[in-house]
Every structure is written in structure tokens, then in C-alpha cells.
Amino acid sequence: MEASRHWRLKQERYTLMGEICPHCEEKIFPPRDICPACGENARNLYKYSGRGEVYSFTTVYQAPAGYEENAPYTIALVRLEEGPMLTAQLTDLGDETVEIGMPVEMVTRKLRSDGERGMLVYGYKFRPQLARTISA
Amino acid sequence: MTDHKVPPILKPIRDVGIVGYGAYIPRYRLPASEVARIWKAGSGGLLIEEKAVSGLDEDVITMSIEAARNALARAEIDPSEIRAVWVGSESHPYAVKPTSTVVAEAIGATPHTQAADWEFACKAGTEAIQAAIGFVGSEMARFALAIGMDTAQARPGDPLEYTAGAGGAAFLLGPAEISLATIESSYSFATDTPDFFRRANEKYPEHGERFTGEPSYFKHITSAAQALMQAIEASPSDYQHVVFHQPNTKFPQRVGRALGFKPEQIETGLLVPLIGNTYAGSALVGLTAVLDVAEPGDRILLVSYGSGAGSDAISLRATELLPERHNLAPQTQDYIARRTEIDYATYARFRGKLTMK
Ligand SMILES: [Zn+2]
């Protein structure tokens, strides 16, 4: 894999780096290099704010291999404020109940570990937006 | 041996300051009374109220990333201008593979950057800051990022289990003229003192009772603070705030009193009662709480302590640029207010104390 492609995959997973179409300004996530709206080449990088809201969600009790430690956990369809929709795990819920329309923000977390000896895999999850006494 | 009439302080050629800072404290809290309940210890004379506990998907890497993002939000610089990402911790997720490269990648500082992990018990974060001061102060770099972060481990039932918490902070060092707080000077004091240690491949640390307290924490912090203040002709009354390493509530209060500081100078940065001892993050997260409220011209003294043993003392002064950057990222008190209490069983699960297979 060419180095720049590898870097882009990490940026996608760690920081929600996507693309924007130079022809029609469609914002694209995950990056796919071709604009789904107009079909033209779209390779311009675009960094999402990480803010969005829960569009739909479900709780996973029987986790696939590598994710058992976290079960049960909540998976959500999150609509980013810039438009695209993606699937991600919700985290830091504490005792909050998840609701459709709930404002969430991206955090980089441990997605899975391949046992005691394996590699740790990090990527994006979403959590309830942090309450701030004084907003920016 | 040279006889130093004036303590030899560490001062770079170019003036350096903090351009951005950011804290991180995880959501979960384990009350000390809950630890006492499990070990039938009674709840009189507990050293803190509760400690912060990281969630199942958190570690020093993920926590450092969030603190670093907060520091960058306040600094408003292009992360590709960062030439060093240094993370000090006792709980790096990997024994071999740097925390710092993942953090650097996640904040967009790669690939033109130095990256390294630092170790020196609880002062690994302040030594990363001192090295960053040198990196920027020598003009090798325009920006260097120093982080102190821990998810502290303690053996179940050990007195440390009441206080060993999770959290820390990130500081972006850069040229003084664009800083929200300038570094006036710093000083480092270290001796070979075996008060606390963990051998390779051991999960939990050991502490030598005989060396805890007087010959370690108090001696090193007092020596470092006094030497720095003597060298720059400052006295305790010149400072609006002072932040010490805080393994419990009493130690920083006592060392502060011994040095001649008043309780109100210590108060703002004393977070240990509510988040526990965050080891390499301890003094640094206290400094973020001070910077959140400090006003231009305020002087701040920071003194860390790391077992083994040493103290770094750093004298800072807030600039006119600080107030406008207060709210560009979450304040430390916002993280403290985000609080979900857990019981000991949940804590045991979160901290990997249950064997699943
Ligand atoms: Zn298009």
C-alpha cells in the first residue's frame, strides 16, 4: 500500500478525515475517492468537526470476537453535522439513556485488542456531548 | 563538586511559554468509602473523597489524544508545525511500542516530528515539559507537545487503591510571544531514593514504607521549590497559585505550609480529593485547573514529584493571551463535573481485575 493511502486510512479512523468533492462540494465519509453525488473524482481531504446526533441505535449483547470485553454496548447510526452518516459505537454513556437526536461528539478510543499479546486497535467512537459551563 | 551559591536553574536561550493546554479526566468515580467497604477498613480518615477511573475502552493513548486535542484547540496552530510529541506515564499501554506515535498520528503531527515516551514515576510529565522547553528554547523546534497522563494501578487492598486515579494534561510549548503563560525559569532536583518502584513484568508497584514521605516527597519538593525561588529571587507571596504533586490531600497541603504558602494559593490546583492521584498527570492536571481561572500577570509555581526520586519546579506567568483561550476547549472543572459513580465490582471490571479466560 502506498504510504499516503496508509496515512489516509489512519486519519480516517483516528480523526474522521473524509473527503469533499471539488466539483459539487458533497462531503464524503468514509473516503471513497469518487463522489457519490456527481460521479467525479473527489480526493480533497476534509476533516469533520466530530459533532453529530444519534439517528438510530441498537444494543449488542452477543459481541463478535475481539469485542467481548465491552459487551453489552450500543451501536449507533450517527449523522454528522456536515451531513454524512456513519456507524459507530457509543461510549461514556454512564447512566444516560440513549435517545434519537441525542447530540454526540467523536472521541478516539480502543476498539479492540487481539488478546493479551496482540495489537491494540484505536479508532473513532461517539459519546454524549460534554456539558460545558461556559461554551466557546 | 562545584559549590553552587546560586542554585543552577534551567533557562533556555529563547523565551518559551505554554501556547495551549488541555486536560482529560475520565467519567467514572470510585468513592474511597466504597474501597473501605470492600476491605472492611472503616471510613474514618480517608485520604480523598473519590478517584477518577477510566472506562473499558480508555488508556493512556486515548486519554492523551483528548488532552492533546484540547491543547491544540486552545493553541490554534497547525499541528504539522509540532516537532516533538512526548508522553510521560507509568501506564503506557505497550511495554514496547511508543504511546507517542499513536498520539502524534491522531492529532495530525506526523510524520515530521520527534516522538518519545518518558518515564520517571509521577514526574514523567514535567520532565517532558522541561525537555520541550529546551527543544523550543534552543530553536530546534517552534512547537513541542508534552503530556503527563496515567491510569494508575494499585494492588487490590493496598492503601494506594484508595487514591490511584486516572487523568492528566497536555501542554504545547512554543515561543513566549504567542504564549498564554510564559516559563520564567525551571529547576530539577534528583537523588537515588528507593521509595516506590515496580519491576519489569510486575503488574503492581511496591512502596518502601521507610522511604515514603519525609526523605522522598517532602525533601525533594521543598528542595526544588526553594532552590528555584532563591535563584529567581521570588518568595511564596509573589505567587497567586502553587501546584504540587498530589498523592493525597494532606501531603500538598503540608508541604505548601512548610514552604510558606497559604491554603488559598493551593486550593484551585488541588484536585486530588475529587479525582485521586493521577501520577504523571497529577500536578499537570492541577495546573490546567489553575490556568482555567488565572488572570494576566498571575504567577504560578508548579512542583512535581516522582518516586525514585526527583522534583521539577517550574515558575510561570500568565499573559494577556490567556483569557481569550480559556473557553476554546473544555475546562478541567467540566470534566470533574461529568461524573458517574461506580461500585467496586464495576471498578474491578473496568480495571481488568477480573479474569475472563
Ligand atoms: Zn461531486
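I began with chain A and its charges: the mean positions of its 17 positive and 19 negative charges lie 5 Å apart. For this I counted Lys and Arg as positive and Asp and Glu as negative, leaving out His and the chain ends. Each charge sits at NZ of Lys, CZ of Arg, CG of Asp or CD of Glu.

**Ground rules.** This is a predicted model, so I note that local features need pLDDT of at least 70, side-chain atom pairs count only at pLDDT 80 or more, and totals for chains, interfaces and linings use all residues. Side-chain values use heavy atoms, without hydrogens and water, residues are numbered from 1 along each chain as its sequence is written, and chains are lettered from A and ligands numbered from 1 in the order in which they are written.

**Chain A overall.** I boxed the C-alpha atoms along the principal axes and got roughly 45 × 40 × 30 Å. Of its 136 residues, 42% are buried (under 20% relative accessible area; exposed is over 50%, partly exposed in between; 1.4 Å probe, protein chains only). I then took the contacts (heavy atoms within 4.5 Å) with a separation of 6 or more: 47% come from residues 24 or more positions apart.

**Strands.** I find one helix and eight strands in chain A, in the order α-β-β-β-β-β-β-β-β from the N terminus. These are DSSP runs, numbered from the N terminus: helices are H or I of at least four residues, strands E of at least two. An open, antiparallel sheet of three strands in chain A runs β2-β1-β3, where strands pair if DSSP finds at least two bridges between them. Its edge strands are β2 (27-28) and β3 (44-47) of chain A, each pairing on one side only. I looked at β1 (residues 17-20) of chain A, which four bridges join to β3(A) in antiparallel fashion. Met17(A) has Lys47(A) in β3(A) as its bridge partner.

**Asp33(A).** I found Asp33(A) in the loop between β2 and β3 of chain A. Asp33(A) counts as buried because its relative accessibility is 13%. Cys21(A) is twelve residues from Asp33(A) in sequence, with 8.7 Å between their C-alpha atoms.

**Cysteines.** How many disulfides are there over all chains? I get zero, taking a disulfide as a pair of cysteine sulfur atoms within 2.5 Å.
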